[in-house]
Amino acid sequence: QVQLVESGGALVQPGGSLRLSCSALGMMFSMYDMGWYRQAPGKQRELVAVITSVGNTNYADSVKDRFTISTDNAKNTVYLQMNSLRPEDTAIYYCNADLRRGGSSLRKYWGQGTQVTVSS
């Protein structure tokens, strides 16, 4: 059974930093594209960052140069380092695992989410 377990969410002041972690259980981690999404109150879930199974990364324009996504295949874990946090980064952050072949998604999994609140 596949499980994605996020951690690291917290209350932080504007300008601060946080690192989110997502541990993947029960899956061939290195075969998946791993991503972080977020959903703020009253808004749709949006992509924050993704790292493909071959290490390519992509970021939402709103987080470029502030957030960094990375993986540790030995630990089956994906990280999101978030710097220079802003109040508009406040959201529930979700980890996503996407098994892709030939441009199509074969299988997707989601974590339960972790709350990030940026406020003074």
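**Hairpins, rings and burial**

Visitor: What makes strand 5 and strand 6 a hairpin, and which turn residue has a positive phi?
Guide: Strand 5 and strand 6 form a hairpin with five residues between them. Gly 55 in that turn has a positive phi of about 95 degrees. Strands here are DSSP E runs of at least two residues, and helices are H or I runs of at least four, numbered from the N terminus. This is a predicted model: local features need pLDDT of at least 70, side-chain atom pairs need 80 or more, and totals for chains, interfaces and linings use all residues. Residues are numbered from 1 along each chain as its sequence is written, and side-chain values use heavy atoms, without hydrogens or water.

Visitor: How do you know that strand 5 and strand 6 pair?
Guide: Pairing requires at least two DSSP bridges between the strands. Strand 5 and strand 6 (residues 57-59) have three, in the antiparallel sense. Val 50 stands opposite Asn 58 in strand 6.

Visitor: How many bridges join strand 4 and strand 5?
Guide: Five bridges, again antiparallel, join strand 4 (residues 33-39) to strand 5 (residues 46-51). Met 34 faces Ile 51 across that pairing. Six residues lie between the strands in this hairpin, where Gly 42 takes a positive phi near 80 degrees.

Visitor: Why is the pair of Tyr 32 and Tyr 109 called tilted?
Guide: The structure holds two aromatic pairs, and this is one of them. Rings of Phe, Tyr and Trp (its six-membered ring) pair if their centres lie within 6.5 Å; planes under 30 degrees apart are stacked, over 60 edge-to-face, the rest tilted. The centres of Tyr 32 and Tyr 109 are 6.2 Å apart and the planes are at 50 degrees, so the pair is tilted. Tyr 32 lies in the loop between strand 3 (18-25) and strand 4, and Tyr 109 in strand 10 (residues 104-110), so the pair ties together parts 77 residues apart in sequence.

Visitor: What makes Tyr 32 buried or exposed?
Guide: Buried means under 20% relative accessible area, exposed over 50%, and partly exposed in between (1.4 Å probe, protein chains only). Tyr 32 has 6%, so Tyr 32 counts as buried. Tyr 109 has 23%, so Tyr 109 is partly exposed.

Visitor: Why does the pair of Tyr 37 and Trp 110 get its label?
Guide: Their ring centres are 4.9 Å apart and their planes are at 65 degrees, so the pair is edge-to-face. Tyr 37 lies in strand 4 and Trp 110 in strand 10, so parts 73 residues apart in sequence are tied together. Tyr 37 is buried at 19%. Trp 110 is partly exposed at 36%.

Visitor: How do you know that the charged end of Arg 45 sits over the ring of Tyr 94?
Guide: The test wants NZ of Lys or CZ of Arg within 6 Å of the ring centre and within 35 degrees of the ring normal. The charged end of Arg 45 sits over the Tyr 94 ring, 3.7 Å from its centre. Arg 45 also lies over the face of Trp 110, at 4.6 Å from the ring centre.

Visitor: Why is the whole chain called as compact as a globular protein of its length?
Guide: The protein chain has zero helices and eleven strands. The globule rule is 2.2 Å times the number of residues to the power 0.38, and the radius of gyration is taken over C-alpha atoms. The chain's radius is 14 Å, close to the 14 Å that the rule gives for 120 residues, so the label holds. Buried residues make up 41% of the 120.
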